[in-house]
Amino acid sequence: CAKIKVMNIKQLKESIANLPDEMEVVLQKDSEGNGYSPLKGVDSDAVYIPYNTWSGDVYSIGWTSDEADMSDKEWQEIKSKPRTLILYPVN
């Protein structure tokens with residue numbers, strides 16, 4: 001799978017630095033605007049494994065290898081990858 005160029009934390013902070021603290025955050029479902037949902041929370045204890053340039057799987061570092069449905073070796077490899085900030089919607 002090709003490396004996907006995504007926004008990092010520094011770029012996110014720079015893009016929202018001058019916005020009001022009270023501004024709500026809404027997530028867009030896709031690049032075409034086919035749906036929206038308010039931001040419910042964040043998870044910084046996760047790893048994202050892309051399938052392609054627009055989707056993939058997220059694994060919580062707190063899981064066991066059984067919960068991730070992987071062998072111990074596979075799970076250790078996944079856990080060694082860089083962490084990803086996950087923003088999750090209300091719906």
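Predicted model: local features only at pLDDT ≥ 70, side-chain atom pairs only at ≥ 80, totals over all residues.
Trainee: Which residues are closest to its centre?
Mentor: V6, M7, T84, L85 and L87. They belong to a lining of 44 residues.

Trainee: And which elements give two or more residues to that lining?
Mentor: Helix α1 (9-16), plus strands β1 (26-28), β2 (36-50) and β4 (84-89).

Trainee: Which one gives the most?
Mentor: β2, with nine residues.

Trainee: How do the lining residues divide into nonpolar, polar and charged?
Mentor: Nonpolar residues number 27. Another 10 are polar, and seven are charged.

Trainee: New topic. How many salt bridges does a search of the whole structure find?
Mentor: One. The side chains of D45 and R83 meet there, at 3.3 Å from N to O.

Trainee: Where do D45 and R83 lie?
Mentor: D45 is in strand β2, and R83 is in the loop between α2 (72-79) and β4. The pair therefore ties together parts that are 38 residues apart in sequence.

Trainee: Why can side chains like that pair at all?
Mentor: Opposite charges can pair when the charged atoms come close.

Trainee: What about R83, what is its relative accessible area?
Mentor: 48%, so R83 counts as partly exposed too. The cut-off for exposed is over 50%.

Key: Residues numbered from 1 in each chain as written. Heavy atoms only, no water. 1 Å grid on protein atoms, 1.4 Å probe; cavity = no way out; pocket = protein on both sides within 12 Å on 5 of 7 lines; lining within 4 Å. Helix = DSSP H or I, 4+ residues; strand = E, 2+ residues; numbered from the N terminus. Nonpolar A, V, L, I, M, F, W, Y, C, P; charged D, E, K, R; others polar. Salt bridge = Lys/Arg side-chain N within 4 Å of Asp/Glu carboxyl O. Buried < 20%, exposed > 50% of the residue type's maximum accessible area, 1.4 Å probe, protein only.
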